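My entries follow in the order in which I went through the model.

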Amino acid sequence: MLIMSNVKSSIGDKALKKTTEITCGSLGVGDVGKIVSVFGWCRYIRDHGGKLFIDLADRHGTLQLVFEGQILKEAEVLGKEYVVHVSGVIKLRDEETTDKSNPTGTIELFVNKLEIINKSSIPPFELIDEKKKFLANEELRLKYRYLDLRRKEMIERIEFRDKLTKSIRKFLWENEFLELETPTLVKDTYETGSRTFLVPSRTNEGRFYSLPQSPQIYKQLCMISGLERYFQVARCYRDEDPREDRQPEFTQIDIELSFKDEKYIQNLIEELLRRAFKEVLKKKLKKGFKHIMYRDAIKEYGSDKPDLRFDSRIVDITEEAKASEYNMLKRVISSGGFVKAMAFPAEFGSATSKIEKNYLLKLIELAKELGLGGMTWLFVSNGKLCSEPASIINSLGNSAEKIQKKLSAKEGDIVLLFSDVSERLLFAAMGKIRKVMGDRIGKYSEEHIFLWVDEFPMFEKEEVTGKLKPAHNPFSAPKEDTLKYLNSEPEKVVARQYDLVLNGVEIASGSIRIHDPEQQRKSLKMMGMDDKSIDETFGFLLEALSYGAPIHGGAALGFDRLVALLSNSENIRDFILFPKNKKYESPLDGSPTAVNKKRLMEDFGISTDKQV
Ligand code: ASP
């Protein structure tokens, strides 16, 4: 009889080595009759009087243990999550006790030797997969994350993330990228416009490092060093306001190359994702992701990250509305405003429609919250645009048919009409409503649609102050032919910047960078910095650029979000090993914690009234 054990075998014994890596999930029918020894956690304990069944678990699966006869007494002390080492014989289960949903469900281990490695306190929530519906709330699971990570669902998520990381790493290594590590105690350069986490220096009292918002400047410095193809699975930190899909520290796959243009970089990212999809999801992605210009994305979808799994577009119907008798719209037009519409395949009026009148009333409220005066809704029935009440369609008169044609609205479609004097506001609000409607209808043409959004503007106006800020980061290169607008109409300057969008979510961002120090200085000045503050903040970069900087560019993939999206989940916390909660606290270790005033003063020379 072959004896197997998951205790490490002596080095060099090949035959034994092959059979040593037994785990709770590795055994099957082929092992019937073998004596095995295995470690694991006592997960699911069932006392059948005279026979004790325990599902022994580890990260690879669960194995049913059977205790009967003499060993039963010893096993009676076992509790949930006790760690044990057991030995015994593998036997086939009876037909009626076979569990087809479990890969080891046809066998069980009849234990004849039990060693208790460690006891466990009673777990604060259920870890048993079969009892998933009694799962504790997220806050409690985050507090005991190390226990939550023992659950099958969590193990699968973490393993999925690992597979994706490995696939991406392999691809980049094969393509001659160097995996490099840039520092995480850096100069405070607030490069992305987000707030930074500051770290006080004890050895240089009164001075601070910051945690990098991204490795942006350092990866550019790598290019100046001639390292030419860089990547990093990089930890980034941004002290932004908490949001459901954000974490204050997150991971990005950060890439930078020299002497390549945007087309090359975009192709590379495409290949990387095609490969990951094939290897990890076993799915073939179509070659050649779609592209759209930033300005067209805003015009047609009201968003710089449109979800193209459904086709509804924004169509301008100002002319048609002007020619009608619909006074409410005509008033907006005569004040210089616009009327725009979108059609949605809602199957309105059918039993399967997810859009009812009540829902449309809620949408009107949403439109108002988004700053619009309201919304008019129409629907296609018996081939024609209709309204409730009919007075709306009557006042549209002959324009109704033209509008229907312009929108290519089909039977059952819902048509939403909006008007405003600000075209910008109209696009922004309609983009949001489009997304809400898409989520509600949810009839998507394909599972995953990638879209490159190209040619972002170089600058955006800040809503409140009206100041120019970089649309991406201040290092993106301008498109040469738009530089002529730099002084007169800076918002017309186009950056060589691109975002990659998956199903309406931005998953990557990148650009070709400025490699000329003079141009870099000019760009920073446009953002309101004077020479003094430029030299203080970015002097080291400008100096580096002056020593023969190559043409360079790159991108970064938001990795946490990508992993969640590919798992059809919206909760990025589920895919991060030890995440913060929605308030950016760690229920596990209690951070952030208050720091004693005395210590702040003594170690860092910082005095504050706020700390305890
Ligand atoms: N550093 C940029 C970011 O974190 C990405 C890039 O342009 O490569 O968004």
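This is a predicted model: local features need pLDDT of at least 70, side-chain atom pairs count only at pLDDT 80 or more; totals for chains, interfaces and linings use all residues.

**Entry: the ligand**

I looked up which residues surround the ligand, and I found S214, Q216, K219, R238, Q252, H472, N473, S509, G510, R513, A555 and A556. I then turned to individual atoms, and I saw that a nitrogen atom of the ligand is 3.1 Å from an N or O atom in the side chain of S214. For R238, I noted that a polar side-chain atom lies 3.0 Å from an oxygen atom of the ligand, and for R513 I wrote down 2.8 Å between a polar side-chain atom and a ligand oxygen.

**Entry: helices α11 and α14**

I reminded myself that two packed helices are described by the angle between their axes and the distance between the axes. Helix α11, residues 357-369, packs against helix α14, residues 423-441, at an angle of about 155°, and their axes are 11 Å apart. Angles over 145 degrees count as roughly antiparallel, and α11 and α14 are therefore roughly antiparallel to each other. I recorded their crossing as right-handed. On the α11 side the contact is made by Y359, L363, L366 and A367, and on the α14 side by I433, V436, M437 and R440. Sorting the residues of this contact by class, I noted seven nonpolar, no polar and one charged.

**Entry: helices α15 and α16**

I went on to helix α15, residues 517-526, and helix α16, residues 531-545, whose axes come within 10 Å and cross at roughly 155°. That angle makes α15 roughly antiparallel to α16, and the crossing is right-handed. From α15 the contact takes in P517, Q520, R521, L524 and K525, while α16 contributes D531, I534, D535, F538, L542 and L545. In this contact of α15 with α16, I wrote down six nonpolar, one polar and four charged residues.

**Entry: the two ends of α18**

Which residue caps the N-terminal end of helix α18? I found that N596 does so, with a side-chain oxygen lying 2.8 Å from the backbone nitrogen of K598, while the helix itself covers residues 597-604. Looking past the helix, I noted that α18 is followed by G605, whose phi is positive, near 70°.

How values were computed. Residues are numbered from 1 along each chain as its sequence is written. Side-chain values use heavy atoms; hydrogens and water are left out. A polar contact is a pair of N or O atoms within 3.5 Å; within protein, one must be able to donate a hydrogen and the other to accept it, and residues adjacent in sequence count only if both atoms are side-chain atoms. Helices (H or I, at least four residues) and strands (E, at least two) are DSSP runs, numbered from the N terminus. Axes are lines fitted to C-alpha atoms, for helices over the stretch in contact, and angles run from 0 to 180 degrees between N-to-C directions. Angles under 35 degrees count as roughly parallel, over 145 as roughly antiparallel, 65 to 115 as roughly perpendicular and the rest as oblique. A crossing is left-handed if the near helix is turned anticlockwise from the far one by less than a right angle, and right-handed if clockwise. Contact means heavy atoms within 4.5 Å. Ala, Val, Leu, Ile, Met, Phe, Trp, Tyr, Cys and Pro count as nonpolar, Asp, Glu, Lys and Arg as charged, and the others, Gly among them, as polar. A residue is near a molecule or strand if one of its heavy atoms lies within 4 Å of it.
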